[in-house]
Structure formats: structure tokens, C-alpha cells
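User: Please go through this model with me in questions and answers.

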Amino acid sequence: MVDSAQLRSVLSQWPSGVAIVTTVTADLDGSPRPHGMTASSFSSVSLDPPLVSVCLGNHLPTRTMIAASGVFALSFLGKDQAEIGRRFAGQVPGLTDRFAGADWVTGPTGCPMLAHATGRLDCTVEHAYPGGDHTIFVGRVREAAVDRVTAPLLFHSRSWGQLADPLPDEITITVLDGAEGIGAEVSVRDPGDLASVRELAATVPVRAYVADAFAPDREAVVLATLDALAGLPEVALGCAEDAAASPLQVRRVLQDAVVRVRPAALHVRLRAHHGLGLVNALVAMKSGVRRFDAVRDPASGGLPADDLLLLARQLGVACAEPA
Ligand SMILES: Cc1cc2nc3c(=O)[nH]c(=O)nc-3n(C[C@H](O)[C@H](O)[C@H](O)COP(=O)(O)O)c2cc1C
């Protein structure tokens, strides 16, 4: 006989993503009554037909309501949505409305789904299998959407977390001052600046940098500009630091930017402000950046290529001597 505390503690070692499962039933007066809970037992089941599953405790109101309504939806949570995960897991004392404070959209089944989820699936119940003290709901996906590409929220060892940031195996340093053959360079501030990039890219290879990419109030516009640039073929994409950047802001922007421009590689150009240049370079590497643009002459204020090379060597990150 397996001890239940021991089983729980072993299961807590299994890391998972986090979803909000929602459903909707009718109130006595016929008005829709939404309900939802946090669940990590989500699994994809089949592509054709499109099926997914989730296991819900038999004693839970959500389970009873899905059995009655025949519909459920899943909203996958991003790294910054642990608070929503807590609310829907009943971990916020005194909370009366789990849905308050977030934006919701309604799917074709009538289920509410988180407007800023990383992924959404709206389903009708295809099967409900007994699974011990849980019910295994298999849903047929009626609508699927990705609203926001960002790093996921994780749950492990009874704690909320994010993906660990491994150092890269390798980085490339391009020295900008004096470099030949890297094409024309354009600085863009927002998606409205794209015409000039398009025009230039028709004649020469272009490196387009989003200017002042790590200013605290520019995060949304920087990401929108990268999204727009990523649609242009043959344009190398970059983020440039202008105002002195905090390592926290560098991380916030690059973590999302790197994912959004994939499969393209993002170039980053940092400055050497007050000795923070190498800190920001380390943060950028851990956020997934593999292409660094640097300078030979430190007087320009840019991050010196030699310092970056030394950092890479100290960290055991492979890097060829820049040309
Ligand atoms: C990260 C996380 C994942 C969870 N996953 C599940 C799950 O997959 N199935 C389940 O039955 N309960 C799960 N729970 C517990 C429910 O979220 C919790 O019991 C919730 O309050 C149920 O809501 P309800 O009582 O309104 O139905 C999870 C809790 C957390 C914090």
C-alpha cells in the first residue's frame, strides 16, 4: 500500500504547466453562471480528432458543473499570471469572485476564457471516465487560439515558478565599428517606422534595431515593433540600449522578444553604463540571446567586444574571437 503523503510528495516533483479550467451553467433565473479552477492535469490526447484531457477531483464543484454543462475551456497561464493561478486554486483567503480583476472572452461553447492566456482551448465533453477519486474529462476542441506568446507559468514542488534560464552553449559577437559586409543599419522606434526598413531591404541586407528597447515604458511598443519587423524577410532583428537599462528590464523584454522573433535570432546591442554592461549581457544570455553586437572602442559607450569575450570565456560559453 502506497502511503498517500508519500505519493503526494513524489507527484509534487513532477513539473507542470498551469491552466484555468472553466465552465458555465445556468443559474435558477437562467442567467449564465461561470465557474473555474486551477488545473495542472491537462494533457493533449489526439490531433485527429482534436482531443485533450483534464482530471478533476470528484468532490470539486467544477467537476460537478462540467458533468452538468457538457462543456469546458482551458486557458494556459503565462509566467506573470501566478496570482490568477492562486485565485482559481482557492489559495486567496476571503476571495468571493475568482473572475474579478482579469479580462475574459467567451468561446463558442459559452465558457469564459482568459483574454491574455498564452493559449486557449474551448471544448465539448467527449468522454468522462472514472479515474479513482478523480474524473478524466476528454474534450473535443471546438476553438483553439494563441493570444500572447510569452514564457509559461510552471508548478513544481508545491511552488509557482518559471523556466530556469540555462546559459547558452555558444554566442556570436559582431564588432560594429569597422565591421564590413553586415549591411545597412536602421533604427526604428515603433511599428510606424517600418516603411524605411522595407524600402532599404529591397536593395541591401538590413539590420533593424528597435531603439531604446529597455526603457521601462516602452516594453509593449518594443514587442509590437519586433512582431512587425519579424514579418519582413531578410531583415536581421535587433534591440539596442540607449537610456541606461536595468538588468530587470533587459530580462523582462528579452525573455519575450527572443520567443516572439523565432526562428530568427535576435541581435542585442548593449552599452557599458556604470559597469552594468556585462551584467546586462549575462542577463541577455540567460534570456535566450545568442547574438551580441559590440564595439572595439570603449570610448563610444558601447559594450567592448573584448570584455564580452572575456565574460563568455569565464562562463564557459563558446565564442569565436570577433573579426
Ligand atoms: C497548480 C495547481 C494545479 C492543480 N491541478 C488540479 C488538477 O489538475 N485537478 C484537480 O482536481 N485539482 C487541481 N488543483 C486543485 C484545485 O485548483 C482546487 O482544489 C480548486 O479550489 C478547485 O476549485 P473548486 O473547489 O471551485 O472546484 C490544482 C491546484 C494547483 C495550485
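Analyst: Two residues are in contact if their C-beta atoms, placed from the backbone, lie within 7 Å. The model discussed here is predicted.

User: Which residues does alanine 208 touch, not counting residues up to four places away in sequence?

Analyst: Ala208 is among the residues with the most contacts inside the largest nonpolar core. Leaving out positions up to four places away in sequence, the residues that alanine 208 touches are Val186, Val188, Val197, Leu229, Val235, Leu237 and Gly238.

User: How many residues does the largest nonpolar core have, and how many has the other core that lies apart from it?

Analyst: In soluble globular proteins, nonpolar side chains tend to be buried together. In the largest core, Ala208, Cys239, Ala284 and Leu308 have the most contacts, and its residue count is 45. Another core lies apart from it; Ile20, Val21, Val54 and Leu114 are among its members, and its count is 30.

User: What distance separates the centres of domain 1 and domain 2?

Analyst: The domain assignment gives domain 1 as 4-161 and domain 2 as 170-319. Taken over C-alpha atoms, their centres are separated by 38 Å.

User: Why can the buried residues of H2 be said to lie on the same side?

Analyst: Helix H2 spans residues 61-69, and its buried residues are Thr62, Arg63, Met65, Ile66 and Ser69. They lie on the same side of H2 because the arc they cover around the axis is only 165°.

User: Which exposed residues does the face of H2 turned away from its buried side carry?

Analyst: The buried residues of H2 are covered by elements including strand E2 (19-26), strand E3 (32-39) and strand E5 (51-57). Just after H2, glycine 70 has a positive phi of about 75°. On the face turned away from the buried side, the exposed residues are Pro61 and Ala68.

User: Which elements give two or more residues to the shell around the ligand?

Analyst: There are 17 residues around the ligand, and Met37, Ser41, Leu60, Thr62 and Gly90 come nearest. The elements giving two or more residues to this shell are E3, E5 and H2.

User: How many charged residues does the shell around the ligand have?

Analyst: By class, the shell has 9 nonpolar and 8 polar residues. For charged residues, the answer is no residues.

User: What percentage of the residues in the protein chain is buried?

Analyst: The protein chain has 8 helices and 19 strands. Its length is 323 residues, and the buried part is 35%.

Conventions. Residues are numbered from 1 along each chain as its sequence is written. This is a predicted model: local features need pLDDT of at least 70, side-chain atom pairs count only at pLDDT 80 or more; totals for chains, interfaces and linings use all residues. Helices (H or I, at least four residues) and strands (E, at least two) are DSSP runs, numbered from the N terminus. A residue is buried if 20 or more other C-beta atoms lie within 10 Å of its own, exposed if 12 or fewer, and partly exposed in between; C-beta atoms are placed from the backbone. The arc is that of the directions from the helix axis to the C-beta atoms. A nonpolar core is a set of buried Ala, Val, Leu, Ile, Met, Phe, Trp, Tyr and Cys residues joined through C-beta atoms within 7 Å. A residue is near a molecule or strand if its C-beta atom, placed from the backbone, lies within 6 Å of it. Ala, Val, Leu, Ile, Met, Phe, Trp, Tyr, Cys and Pro count as nonpolar, Asp, Glu, Lys and Arg as charged, and the others, Gly among them, as polar. Domain bounds come from an automatic or database domain assignment.
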